[in-house]
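Please walk through the structure shown here, taking the loops, the helix packing and the aromatic side chains in turn.

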Amino acid sequence: MSVTFTAELTGAPVNMANSNAARVLDTLGYAEPYGDEDAQLFLDRVLLALALEPEDAGRPAVADGRFIDCGRSQGYVQSRLHELRELAEYAQAQSLRVTWG
């Protein structure tokens, strides 16, 4: 499963695995794995998170029987926040909302 961020289904989407998206959404202050936001407000949250969030230490991969969690590389959250900043700037320029789900 995954969560995809878009500018109302236009532009280059940002796609993340559920657990990674949950981490990023939590960093942005969103509780739900789906939603939409005014581009400027979303951009403000992204810029605030980039300014305040310490570098993501990542987490190791875990395998438990047939379940495999590939983990998260160091700096993953910041990398994805930069992608979301670009998406929010695009959405703002096009007068679109940022959506995810």
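In which loop is the place of Glu8? In this predicted model, Glu8 lies in the loop between β1 (2–7) and β2 (10–17). The backbone there deserves a look, as Glu8 has a positive phi of about 45° although it is not a glycine. Its relative accessible area is 36%, so Glu8 is partly exposed.

Another residue with this feature is Ser95, which is not a glycine and yet has a positive phi of about 55°. Ser95 is located in the loop between α3 and β6. With a relative accessible area of 66%, Ser95 is exposed, the cut-off for that class being over 50%.

The helices come next. Helix α2 spans residues 39–52 and helix α3 spans residues 76–93; their axes come within 9 Å and cross at roughly 155°. The two helices α2 and α3 are therefore roughly antiparallel to each other, since angles over 145 degrees are placed in that class. The crossing of α2 and α3 is left-handed. On the α2 side, the contact is made by Ala39, Gln40, Phe42, Leu43, Val46, Leu47, Ala49 and Leu50. On the α3 side, Gln78, Leu81, His82, Leu84, Arg85, Ala88, Glu89, Ala91 and Gln92 take part. Sorted by class, the residues in the contact of α2 with α3 are 11 nonpolar, four polar and two charged.

One of the α3 residues in that contact is Ala88. At a relative accessibility of 0%, Ala88 counts as buried, because the class takes in values under 20%. What does Ala88 touch, leaving out residues up to four places away in sequence? The residues are Ala39, Phe42, Leu43 and Val98. Of these, Ala39, Phe42 and Leu43 are also listed on the α2 side of the helix contact.

The axes of α1 and α3 come within 10 Å and cross at roughly 70°. That angle makes α1 roughly perpendicular to α3, as the class runs from 65 to 115 degrees. From α1, the residues in contact are Asn20, Arg23, Val24, Thr27 and Leu28; from α3, they are Tyr76, Val77, Arg80, Leu81 and Leu84. By class, the contact of α1 with α3 has six nonpolar, two polar and two charged residues. Leu81 and Leu84 of α3 are listed in the contact with α1 and also in the contact with α2.

Asn20 belongs to helix α1, which covers residues 18–28. Is Asn20 buried or exposed? Asn20 has a relative accessible area of 9% and is therefore buried. Apart from its neighbours within four places in sequence, Asn20 is in contact with Arg59, Gly71, Arg72 and Tyr76. Tyr76 is one of the α3 residues in the contact of α1 with α3.

The last topic is the aromatic side chains. A pair of aromatic rings is described by the distance of the centres and the angle of the planes. Across the whole structure, a search finds five aromatic pairs. Tyr30 and Phe42 form a stacked pair, at 6.0 Å centre to centre with 15° between the planes. This pair links distant parts of the chain, 12 residues apart: Tyr30 is in the loop between α1 and β3 (35–38), and Phe42 is in helix α2. Tyr30 counts as buried, at 12% relative accessibility, and Phe42 is buried too, with a relative accessible area of 0%.

Phe42 also pairs with Trp100, and this pair is tilted: the centres are 5.8 Å apart and the planes are 35° apart. Trp100 has 7% relative accessibility and so counts as buried. Which residues form one aromatic cluster? Phe5, Tyr30, Phe42 and Trp100 do. Phe42 thus has a place in this aromatic cluster, in the contact of α2 with α3 and among the residues that Ala88 touches, and it is buried.

Note on methods. Residues numbered from 1 in each chain as written. Predicted model: local features only at pLDDT ≥ 70, side-chain atom pairs only at ≥ 80, totals over all residues. Heavy atoms only, no water. Axes fitted to C-alpha atoms, helices over the stretch in contact; angles between N-to-C directions. Helix = DSSP H or I, 4+ residues; strand = E, 2+ residues; numbered from the N terminus. Parallel < 35°, antiparallel > 145°, perpendicular 65-115°, else oblique. Left-handed = near helix turned anticlockwise from the far one by under 90°. Contact = heavy atoms within 4.5 Å. Nonpolar A, V, L, I, M, F, W, Y, C, P; charged D, E, K, R; others polar. Buried < 20%, exposed > 50% of the residue type's maximum accessible area, 1.4 Å probe, protein only. Phe/Tyr/Trp six-rings, centres within 6.5 Å; stacked < 30°, edge-to-face > 60°.
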